[in-house]
Amino acid sequence: MIPLLILSPLIVLAALGAVWKARPVHAALLLALALSLTAVLYLTIGADFIGLVQFMVYVGAVAVLIVFSLLITRPSDEAEEIARRPRSLATGLFCTLPVLGVLMFSLIKGSPTATAENNAEDVIALPISKIGEVLFTSHAPAVLAVAVLLTAVMIGAALFARDTEKSQQPPSDPS
Amino acid sequence: MKVAGAIGLLMISLAENGFAGEDERWFTGMESLPCLPQRAVEMILSNFGMPEWMVSMAGFFVAAFTVVAVFAGGFALLSLVERKTLARIQNRLGPNRVGWFGILQPVADGIKMLTKEDIVPAKAEKLLHLLAPILIVVPAILALGVLPLGREWVPVHMELGLLFFFSVGALTELSVFMAGWASGSKFPMLGAMRAISQMVSYELPLMISALGVIMVSGTLSLPEIVDKQGGFLLGFIPAWNLFTPWGIFAGLIFYVASLAEANRCPFDLPEGESEIVAGHMTEYSGFKYALFFMGEYLGLFAIAGLGVTLFLGGWQAPLPGLGFVPSWIWFFGKLAVIIMTFLWIRGTFPRVRIDQLMRFAWLCLIPMALLTIPAAAIWVFTGKGLLSWVIIIPLMLIPWVIMTLIFNRRLAPATRTYTFADS
């Protein structure tokens, strides 16, 4: 309970900062901070595997991807960003409030897996091999669907890269 | 002398706990010598009646301190050894003024770095500029913490050690970005871009070649992976992962990828001195610059130590009958050999170009690394005997040769002509 009390305000603050900062680089780094603090939260409740995977995927891949795309693009005007803020705030609230409602509803109502019979120690003692087994037997359709989605995304990204490459002339070799 | 002898005796008698079945008291004392500070602090604290969690917490602090002290000392030593070795390769003398044969050169370097002016560029982001060198040392030390450095010497025993190693390594990329972006200048930016793209590309073959080891050992815990590599084949060949048909290839790929991951020559583009000054460290001076170097060398130790753990049997002795030597000596000996080959390569090969670097990772290393996964599966399911050698060697070699031929003929970049140099 104590780690949750310490970490959750920090996570919320970092997430708010990620939304509020005008400079995209600051926002990206604060997002990385929020994600890594979430990983720490997972580690403190004993879900080591999830925590480490969270760190590896979200900090090591997603945050680095965002940061890298910031490096190779031109920074936008900050004043314009701030002027646009009220309208984007309204859009953001419109998008996030329903999600928040669903999450709160399921939290209060309680999901079927989090009943009293599954006490905390059983969850903590879950070995990785068990997670793997469950993922590739009873949850195999979901894994396959995610794999198909990711493949489609990769093909789409490759197509996008192709198109831009064709429209731009490659820089001539200064030889 | 007497005091030193008494302290030594005290240490050996303290070190006896946790050891059974071995007769040679001296060697058992040597074996757990590195763990001694931790054990001693724990013993003293529990004698004073401290609560359990406080005792183990203090023990962890002391263990962490031991690791940092050992590898920081290794960093100082390596900086001297590297300069000396490179100098000998290039037919120079190297540092030879400070102390006996230049042995005190690291101390002089340290004093120089500490007393230099700490310059922060006017255009820099102050906070990020300060944070970057700190955050580059932290993941390296964290990664060193899970390596089994000896039979009794595992600073933090984690069930998911390998995953932990790779996931803290992700922080390095972010701190390199912070260094490059916060400096507010062109060279660090370009250097950071190169460094991040190189790290992301070479992390893939690194992890994929480690997958085979995980499949064969069936665990992510590094001490257990080392335990599984104990024993000898035919009485004298150590049962390391390197001496299996898939392990040779996976080990080679891991070695090349770790060269790139540690930013060593021939893949040292992120700080290619002759091209982009010093990459992401251009705008740093004084102790922050030293911290970058420290992070780099600690990362080198960590990645080479992981290679030793995964493929070279960690602390296992290389020949039967050598088990009496303390296991951490074997670990550090293997680490020294690997790092010496790194230095040798640095003194021998020229730096590759950025397009060659990317091409090599994505078109050559990653497909070859993917092939080691079915090879490891075959090794497990055909009984780890002669039959698996017969199946796996052609399976690995034929695509390897075809890939090399294609890579050399079609995909190799066109030879450059240098107008001013040729005419």
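## Chain B

Of the 423 residues in chain B, 48% count as buried, where buried means under 20% relative accessible area, exposed means over 50% and partly exposed lies in between (1.4 Å probe, protein chains only). The model is predicted, so local features need pLDDT of at least 70 and side-chain atom pairs count only at pLDDT 80 or more, while totals for chains, interfaces and linings use all residues. Residues are numbered from 1 along each chain as its sequence is written, chains are lettered from A and ligands numbered from 1 in the order in which they are written, and side-chain values use heavy atoms, with hydrogens and water left out.

Chain B has 16 helices and two strands. These elements are DSSP runs numbered from the N terminus: helices are H or I with at least four residues, and strands are E with at least two. Among contacts in chain B with a separation of 6 or more, 74% join residues 24 or more positions apart; a contact means heavy atoms within 4.5 Å. Chain B exposes about 20,500 Å², and carbon and sulfur atoms supply 72% of that area. Accessible areas come from the Shrake-Rupley method with a 1.4 Å probe, and for residues only the protein chains shown count as cover.

## Two residues of chain B

Ser183(B) sits in the loop between α7 (161-182) and α8 (186-217) of chain B. Ser183(B) counts as buried because its relative accessible area is 1%. Its side chain reaches the backbone oxygen of Ala179(B) at 2.8 Å. Leaving aside residues up to four places away in sequence, Ser183(B) touches Pro121(B), Ala124(B), His129(B), Pro188(B), His280(B), Glu283(B) and Tyr284(B).

Ala64(B) belongs to helix α4 (residues 52-89) of chain B. Its relative accessibility is 40%, so Ala64(B) counts as partly exposed. Between Ala64(B) and Gln38(B) there are 26 residues of sequence separation and 9.2 Å in space, C-alpha to C-alpha.

## Chain A

Chain A has eight helices and zero strands. Of its 175 residues, 17% count as buried. For contacts in chain A between residues at least 6 apart in sequence, 55% join residues at least 24 apart. The accessible surface of chain A is about 13,200 Å², with 73% belonging to carbon and sulfur atoms.

## Where the chains meet

The contact takes 21 residues from chain A and 28 residues from chain B. Together the two chains bury about 2,200 Å², 83% of it on carbon and sulfur atoms. Buried area is the accessible area (1.4 Å probe) that two parts lose on being put together, summed over both. Leu52(A), Met56(A) and Leu71(A) supply 28% of the area that chain A buries against chain B, more than any other three residues.

One residue pair is in polar contact between the chains, both residues being at pLDDT 80 or more. A polar contact is a pair of N or O atoms within 3.5 Å; within protein, one must be able to donate a hydrogen and the other to accept it, and residues adjacent in sequence count only if both atoms are side-chain atoms.

On the side of chain A that touches chain B, α2 (24-44) and α3 (48-72) of chain A each supply at least two residues. The most come from α3(A), with 13 residues.
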